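Hi there,

Here is the structure I promised to pass on. Have a look at it first, and then read on for what turned up.

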Amino acid sequence: MKRRNYLILFFCFVMMGCSGMKKKEKESASTEVNNESLKDIAYEAFVYAYPMIEQVKTVNTMNKAYGKLGLGPNKVYMGHKYPMDNIGQPIVAPNFTSMTGLINVDISGGPVTLQIPDITDRYAVFQCIDVFTYNFFYIGSRATKGKGGKFIFHNKNQQVQKVGDVTPVLVEQDIFSIVNRIDVKDRADVANVVRYQNQVKIIDKPATTRSYPTYDKIKVFSPDFVDYVNQLIVWIPEPEKEMYQRFAKIGIKSDVKLTADQRKEVQVGIDAAYKAIMSTKKQLQVGNGWTGATTIFGTREYINGRYLDLAAGASFGLWGNSKEEANYYILFAEGAGELTFTKEQLPPLSDIGFYSLTIYDSTVHATRNKYNSYVLTHDRMKFNKDGSITFKVSKKPQKGNWLYLPTYKFALLLRVYAADPNKIQDYVPPRYSQKK
């Protein structure tokens, strides 16, 4: 958190320097803010708020689907099913190599202490995502070499100390999520994963929690979207105080009530912002027909004010991992064919890195087939003598690395875990060759 402290100190120094600003300079700066159009302010504010609102949408959807199974604030939810048993459910791009879990944490009433087991015999990750969708903390195979422990999550007003084996983790706001995945080898291995899952426990939590926003699509794309920011944000981040001063003109962290004409102007800014987010999302193409996400997820420090990229990332795939942990490449293709990686085209990995290739229908859903052919994992791929690897896609089984063609138009998803962070940013998978 040193970088954050530096930002706070820098902000303080700037304010100290401004305390001697001449009256005329202050008036000039104030006039500049006052003259900024509501349309421009709304554009900036909507881009800023979009990832938070997408997260609200996802949490609402999951609470509705899994609430009866224990999903809720400060509760541990773990999916005990073998991944293949989820085929046919309305899950976009399901991962068939791991069993997953979700913990929505609320520290508004006090710190929350989480206990996580050591998992050293397989890949596992606990990804902590704050209200802004920044990945602020990791536990797992890469980040902690598989070591777990006890972690006490707290905000800046909750004083905690490192006692014994408990690690304090500072959270920027009161609400955040922890997404967990633990690799599973096969159906016989499910019981082993469940034993790990059952050891993930909240061992201390407050008696009270805050109310969580309800997603309303009409509200989201109207000037009332500001209500989501007002409800989610408790403390204005120090690096963004100047932004919030501008945002106050449209009702963010202020009591401003817009007139009918002002709401129309704000709506123009919202519409332009959403168009820009979708346009940026389309620009995520890395080459050879693949769309990739390597630079749009990460910490606050890594994103460093690239709010449009963060918003595009939330639209591309909410809760994407930082590039050090995982990277995703999707290709939409047609018909039977082949995908060949030369030795030089293989994903760049760290010492513990690996990858998988999964096939879906054109809507990125999995449809059952009698061959149980959905994914090929790094440890089960068959390489050619020269170090290259070829994947074949067709309706009928083939020797080697074969994936069943679910529909004429389909999607391939390449997941690369624990990549070399210095090389993955420039990585481009090879082009798919359709058989004529």
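Predicted model: local features only at pLDDT ≥ 70, side-chain atom pairs only at ≥ 80, totals over all residues.

Strand β4, residues 124–129, runs antiparallel to strand β8, residues 175–183, and six bridges join the two. Both strands sit in an open sheet of five, ordered β1-β2-β8-β4-β5, where the pairing is antiparallel. At the edges you'll find β1 (75–78) and β5 (135–140), each of which pairs on one side only. Leaving direction aside, neighbouring strands here are turned by 15 degrees against each other on average. Helix α4 (residues 190–197) packs on this sheet, where it touches β1, β2 (98–106) and β8. The direction of α4 makes about 15 degrees with that of β2.

Now for another sheet. This one is open too, with four strands in the order β7-β6-β3-β9, and its pairing is mixed. Its edges are β7 (166–170) and β9 (201–204); each has a single partner strand, so one side of each has no neighbour in the sheet. Neighbouring strands in this sheet are turned by 30 degrees against each other on average, again with direction ignored. Within it, strand β6 (residues 149–154) pairs with β7 in the parallel sense over five bridges. If you want to find that pairing on screen, look for Lys150, whose bridge partner in β7 is Val166.

Next, the aromatic rings. A search of the whole structure comes up with 26 aromatic pairs. One of them is Phe96 with Tyr360, a tilted pair with 6.4 Å centre to centre and 35 degrees between the planes. What I like about it is that it links distant parts of the chain: Phe96 is in the loop between β1 and β2, Tyr360 is in strand β14, and they are 264 residues apart.

Happy browsing!

Key
Residues numbered from 1 in each chain as written. Heavy atoms only, no water. Pairing = 2+ DSSP bridges. Axes fitted to C-alpha atoms, helices over the stretch in contact; angles between N-to-C directions. Contact = heavy atoms within 4.5 Å. Phe/Tyr/Trp six-rings, centres within 6.5 Å; stacked < 30°, edge-to-face > 60°.
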